[in-house]
Amino acid sequence: MSPPDTAMVLAAGLGTRMRPLTDHVPKPMVPLAGRTLIDRVLHRLRDAGVRRAVVNAHPHADILERHLGSRTGPPQIVISDERSQLLDTGGGVVHALPELGRKPFV
């Protein structure tokens with residue numbers, strides 16, 4: 001059996017412990033050593049062979065969505081929109097299941 005080629009990136013958290021950095025940007029967009037946290041995760045997933053990443057978004061979702069839209073893959077990025085309600089970890093995964101598909105995912 002081949003390893004999963006799809007991943008769920010949990011990026012919808014409020015980032016309260018990182019305030020004031022997250023007052024105006026989502027936590028995944030916080031820079032660390034010149035690269036955003038989300039880019040670091042997506043590069044690692046690419047290096048691990050992941051071809052498709054489902055990223056959930058809640059606070060400042062427009063900023064994250066614009067940034068992800070400017071990236072070229074792999075991985076291909078699909079946004080799971082949680083703007084209307086923060087769903088927490090389990091709820092975020094359940095909400096994204098239609099995008100994740102029926103095969104195993106990371």
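# Helix packing, sheet and backbone geometry

Q: How are α1 and α2 oriented to each other?
A: In this predicted model, the axes of α1 (residues 37-47) and α2 (residues 61-69) cross at roughly 45°. Angles under 35 degrees count as roughly parallel, over 145 as roughly antiparallel and 65 to 115 as roughly perpendicular, with the rest as oblique. The orientation of α1 and α2 to each other is therefore oblique.

Q: Within what distance do the axes of α1 and α2 come, and what is the hand of the crossing?
A: The axes of the two helices come within 11 Å. As α1 passes α2, the crossing is right-handed.

Q: Which residues of α2 meet α1?
A: From α1, the contact involves Ile 38, Asp 39 and Leu 42. By class, the contact of α1 with α2 has 4 nonpolar, 1 polar and 1 charged residues. On the α2 side, the residues are Leu 64, His 67 and Leu 68.

Q: What is the order of the strands in the open sheet?
A: The sheet has 3 strands with parallel pairing.

Q: Which residue of β4 is the bridge partner of Thr 6?
A: Strands β1 and β4 (residues 52-57) run parallel and are joined by 4 bridges. In one of these strands, β4, the partner of Thr 6 is Arg 52.

Q: What angle does the direction of α1 make with that of β1?
A: Helix α1 packs on the sheet and touches β1, β4 and β5. The angle between the directions of α1 and β1 is about 165°.

Q: What pattern does the chain follow along the sequence?
A: The secondary structure of the chain comes to 3 helices and 5 strands. Read along the sequence, these follow the pattern β-β-β-α-β-α-β-α.

Q: What is the radius of gyration of the chain?
A: Taken along the principal axes, the C-alpha atoms fill a box of roughly 45 × 30 × 20 Å. For 106 residues the globule rule gives 13 Å, and the value for the chain is close to this, so the chain is as compact as a globular protein of that length. The radius of gyration is 13 Å.

Q: Which peptide bond is cis?
A: Most peptide bonds are trans. The loop between β1 and β2 (31-32) contains Pro 20. With omega near 15°, the cis bond is the one from Arg 19 to Pro 20.

Q: What is the phi of His 60?
A: His 60 has its place in the loop between β4 and α2. Most residues other than glycine have a negative phi. His 60, a residue other than glycine, has a positive phi, near 55°.

Terms used
Residues are numbered from 1 along each chain as its sequence is written. This is a predicted model: local features need pLDDT of at least 70, side-chain atom pairs count only at pLDDT 80 or more; totals for chains, interfaces and linings use all residues. Side-chain values use heavy atoms; hydrogens and water are left out. Two strands pair if DSSP finds at least two bridges between them. Contact means heavy atoms within 4.5 Å. Axes are lines fitted to C-alpha atoms, for helices over the stretch in contact, and angles run from 0 to 180 degrees between N-to-C directions. A crossing is left-handed if the near helix is turned anticlockwise from the far one by less than a right angle, and right-handed if clockwise. Ala, Val, Leu, Ile, Met, Phe, Trp, Tyr, Cys and Pro count as nonpolar, Asp, Glu, Lys and Arg as charged, and the others, Gly among them, as polar. The radius of gyration is taken over C-alpha atoms; the globule rule is 2.2 Å times the number of residues to the power 0.38.
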